[in-house]
Amino acid sequence: MAAPAPQTVIEVRHWTDRLFSFKTTRDMSFRFENGQFVMIGLPVNGRPLLRAYSLVSANHEECLEFFSIKVPDGPLTSRLQQIKVGDHVLVGGKPTGTLVQAALTPGKRLYLVSTGTGIAPFLSVIKDPQVYERFEMVVLIHGCRFVKELEFGRLSVEAVRSDEYLSEIIGDRLIYYPTVTREEFVRKGRVTQLLESGTFAEETGLPLLNPAEDRVMICGSPAVLQDMCALMDRLGFEEGALSKPGSYVIEKAFVER
Ligand code: A2P
């Protein structure tokens, strides 16, 4: 693996007591595919302490962006949440991951199903002009416990929709479908329940998820992945990988510490 290189922090935003996002500089030589993750971290006791983080920024953007939870006793996130503009963060040189277009067979609609910080890779994917060439429609589903936890994703979607260049390509083909589970909101329920019960289809007017037309990318906690994979299996989807593209792909929302 290429040695991690220090990048300068250029923006930090704290969204809740559990969530923050930050931007760093980017080396021109750092290349990645939208949806991939990279190892990032900080030097601790003279050695790099690194964890996998999805890139929120798209590969055409000048800076790198990340979305993180804060774990009070987490070896990395307890330190990372203290970063300020001008500090350095280590960014590994070898992005990887399965939430990439090449792991999916062609389809009509692309579903991006996420919970918590699992939305991160999809904020990169929805900025990719090629995704809208491949798919007629892109559906971003994000489930959180509380409304405030949706804010980073909501504003990122708004920025994509109002981007001068992207808005022309996207038009009305990007559907954003947020939901929360632990307080009142326009929509309430787990992403799995909303998809399986038909509530999502009723509310959006889209057909029920089906492997003939739909392709699905999933990113969330291990429990969410387990339940979503079981749903995918019941619906007849087949998991894809770069070596064998399929109708759905998964990735863990990594940082738990
Ligand atoms: P819930 O409030 O019912 O646990 P977290 O912050 O723990 O990562 O959770 C993010 C969101 O994912 C929450 O809305 C949570 O709902 C939901 N969630 C947790 N487990 C599952 C699961 N197995 N399937 C679908 N959604 C889940």
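**View 1. The area buried between domain 1 and domain 2 of a predicted model.** Domain 1 and domain 2 bury about 1600 Å² between them, with 64% of this on carbon and sulfur atoms, where buried area is the accessible area (1.4 Å probe) that two parts lose on being put together, summed over both. In domain 1, the residues that lose the most area to domain 2 are W15, V56 and F67, which together make up 35% of what that side buries. The model is predicted, and local features need pLDDT of at least 70, side-chain atom pairs count only at pLDDT 80 or more, and totals for chains, interfaces and linings use all residues. Residues are numbered from 1 along each chain as its sequence is written, and side-chain values use heavy atoms, with hydrogens and water left out.

**View 2. The two domains and their contacts.** The domain assignment, which is automatic or from a database, gives domain 1 as 5-91 and domain 2 as 101-250. Their C-alpha centres lie 23 Å apart, and 18 residues of domain 1 are in contact (heavy atoms within 4.5 Å) with 17 residues of domain 2.

**View 3. A salt bridge between E61 and K127.** The closest N and O atoms of E61 and K127 are 3.0 Å apart, and this pair forms a salt bridge, defined as a side-chain nitrogen of Lys or Arg within 4 Å of a carboxyl oxygen of Asp or Glu. Across the interface of domain 1 and domain 2, the rule finds 2 salt bridges.
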